[in-house]
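Subject: Structure handover

Hello,

Here is the structure we talked about passing on. My notes on what was found in it follow below.

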Amino acid sequence: MFYFIEGKKEFVGNGIAVINCSGVGFRLLVSDRTVGKTAGERGDAVKLYTYLHVREDALCLYGFYSLEEQSSFKLLIGVSGVGPKAALSILSTLSPEKLAMCIIGNDAKTIATSPGVGVKTAHKIILELKDKITKDAVTTTGAKEYFSVPAPAGEGKAAEAVSALVVLGYAKADAMSVVAGLDTENLSVEELIKQALKHMSRR
C-alpha cells in the first residue's frame, strides 16, 4: 500500500517515528537502528521505507531507514514463529549485513543476543533463511538473466551470490560490481556473500 513515506519529522524515539506529510501524521513502528539513523531536530526532512502489517484487530505500519533493513524484516517475519516484534528486536541489535553474515555462518548465538529472541528461534531463522539467501534466490529474482552469456569458471557461483544480495535488498548493479571484484573461481558461494557484505557495509 505504501512504498515509502517522506515528510517532516515530528517525533522519533522509543521504537516509534511520527512523520508529518502535508498535515497528516503517520505513526510508524521502527527499530532502534532506524531511530539512530534518523536522529536530528523536529521538522527535519525524513524518508522511511514501509511495510504494512495486517492483523485481525489492527493495521500496523513499520518504517525502515533503508531497503536492506526493509528486506531483512520481510525475510524474518516469513519465518514461522517470528513476528514483527521479534524482527524489529533483531534489526535493532544487528545491521542487515551482520544478520546476513550470522545466517550464512550459522551464528545463532549472535542472533539470540536480540532481546526476546532465544537460541531456538535463532536456529529456526538460520534453518529457514540460509537456503533462501544462498540458493533459492537465483530462481526467485531471475538473476540468471544477469549471466546469460557463456561464462568463465566460477560465474555460476557469482550469479548465486548476486542473487542473495538482491534478496537482501541491495541494488543489482551494486551487487554485481562488488562480486565481480572477488575471486569467484576459488571462493565458495557463502564466502563470496560474506566478502561482498563486508564491502557493502563499508560503502
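**Salt bridges**

There are two salt bridges, a salt bridge being a side-chain nitrogen of Lys or Arg within 4 Å of a carboxyl oxygen of Asp or Glu. Before the details, some notes on the source: this is a predicted model, in which local features need pLDDT of at least 70 and side-chain atom pairs count only at pLDDT 80 or more, while totals for chains, interfaces and linings use all residues. Residues are numbered from 1 along each chain as its sequence is written, and side-chain values use heavy atoms, with hydrogens and water left out.

Arg-42 lies in the loop between helix 1 (32–37) and strand 4, and Glu-10 in strand 1, so the pair ties together parts that are 32 residues apart in sequence. Helices (H or I, at least four residues) and strands (E, at least two) are DSSP runs, numbered from the N terminus. Arg-42 is exposed, at a relative accessible area of 65%, whereas Glu-10 is partly exposed, at 29%. For these terms, buried means under 20% relative accessible area, exposed over 50%, and partly exposed in between (1.4 Å probe, protein chains only).

Lys-130 and Glu-190 also form a salt bridge, with 3.3 Å between the closest N and O atoms. Here Lys-130 belongs to helix 6 (residues 119–141) and Glu-190 to helix 9 (residues 189–202), so the pair ties together parts that are 60 residues apart in sequence. Lys-130 is buried, with a relative accessible area of 18%; Glu-190 is partly exposed, with 29%.

**Strands**

Strand 1 (residues 4–13) and strand 4 (residues 45–54) run antiparallel and are joined by five bridges. Strand 1 is also antiparallel to strand 2 (residues 16–21), again with five bridges. Two strands pair if DSSP finds at least two bridges between them. Lys-8 has Ala-45 as its bridge partner in strand 4 and stands opposite Asn-20 in strand 2. Strands 1 and 2 make a hairpin with two residues between them, and Asn-14 in the turn has a positive phi of about 55°.

**Nonpolar cores**

A nonpolar core is a set of buried Ala, Val, Leu, Ile, Met, Phe, Trp, Tyr and Cys residues joined through side-chain atoms within 4.5 Å. The largest one has 49 residues, of which Leu-76, Ile-111 and Ile-125 touch the most other members. Helix 7 (residues 155–167) gives the most to this core, namely seven residues. Apart from it lies another core, of ten residues, including Ile-19, Leu-28, Val-46 and Leu-48.

Contact means heavy atoms within 4.5 Å. Neighbours within four places in sequence aside, the contacts of Ile-111 include Ile-90, Leu-94, Leu-99, Cys-102, Val-117, Ala-122 and Ile-125.

Val-35 is placed in helix 1 and is buried, with a relative accessible area of 18%. With neighbours within four places in sequence left aside, Val-35 is in contact with Val-12, Gly-13, Gly-15 and Val-30. Val-35 and Tyr-65 are 30 residues apart in sequence, with 8.5 Å from C-alpha to C-alpha.

**Aromatic pairs**

Six aromatic pairs are present. Rings of Phe, Tyr and Trp (its six-membered ring) pair if their centres lie within 6.5 Å; planes under 30 degrees apart count as stacked, over 60 as edge-to-face and the rest as tilted. Phe-4 and Tyr-49 have ring centres 6.3 Å apart and planes at 75°, so the pair is edge-to-face. Phe-4 lies in strand 1 and Tyr-49 in strand 4, so this pair links parts 45 residues apart in sequence. Phe-4 is partly exposed, at 36% relative accessible area, and Tyr-49 is buried, at 16%.

Tyr-62 and Phe-73 form a tilted pair, 5.1 Å centre to centre with 35° between the planes. Tyr-62 is in strand 5 (residues 59–64) and Phe-73 in helix 2 (residues 67–77), so the pair ties together parts that are eleven residues apart in sequence. Both Tyr-62 and Phe-73 are buried. Tyr-51, Tyr-62, Phe-64 and Phe-73 form one aromatic cluster.

**Cysteines**

A search of the whole structure finds zero disulfides, a disulfide being a pair of cysteine sulfur atoms within 2.5 Å. Cys-60 is buried at 14% relative accessibility, and Cys-102 is buried at 2%.

Regards
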